[in-house]
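Please read these notes with the model open beside you.

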Amino acid sequence: MGIYTDIQNDIGEALDNDLSDTAQTLIYVEVTAAEYNPTTGKEYKVTNNVSCRGVVQPVDTSHIDGETVLIDDRQFLILDSEINATPEVGRVLQYDGEDYSINQVLRDPANSTWTIIARAV
């Protein structure tokens, strides 16, 4: 097995067992299209909600820059195999009934995890 598979299996198993109390249900709101309504003259977004699990924690202080990343932002760690989408800046991640606007998306060198930094809106 490669490192990607090892990480997916090991962390996935830990989230199922020893770390199950830290795994949170998240919803990534993916914009799939924009459509124009000629009656109203407005454009609206068509979205797809992608459910996944992840670990939520305060933002790592090394990421704080005072503009894009602030001290009150949240950091979400999601296994690649848990999310069937590619997270993008400007999209929304829902957690515990709140919407969070994604400000930064980072990927580890093995492309196994996503670290998403987002701010409550």
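1. Strand 6, which covers residues 113-120, is mostly covered, since six of its eight residues are buried, where buried means under 20% relative accessible area with a 1.4 Å probe and protein chains only. Strands here are DSSP runs of E with at least two residues, numbered from the N terminus.

2. This is a predicted model, in which local features need pLDDT of at least 70 and side-chain atom pairs count only at pLDDT 80 or more, while totals for chains, interfaces and linings use all residues. Residues are numbered from 1 along each chain as its sequence is written, and side-chain values use heavy atoms, with hydrogens and water left out.

3. Strand 3 (residues 74-79) runs antiparallel to strand 6 and is joined to it by six bridges, and two strands count as paired if DSSP finds at least two bridges between them. Within this pairing, Phe 76 stands opposite Ile 116 of strand 6.

4. Strand 5 (residues 98-107) is also antiparallel to strand 6, with seven bridges joining the two, and Arg 107 stands opposite Trp 114 in strand 6. Strands 5 and 6 form a hairpin with five residues between them, and Asn 111 in the turn has a positive phi of about 55 degrees.

5. Leaving aside residues up to four places away in sequence, Ile 83 touches Tyr 28, Val 50, Cys 52, Ile 78 and Trp 114, contact meaning heavy atoms within 4.5 Å.

Key:
Buried means under 20% relative accessible area, exposed over 50%, partly exposed in between (1.4 Å probe, protein chains only). Helices (H or I, at least four residues) and strands (E, at least two) are DSSP runs, numbered from the N terminus.
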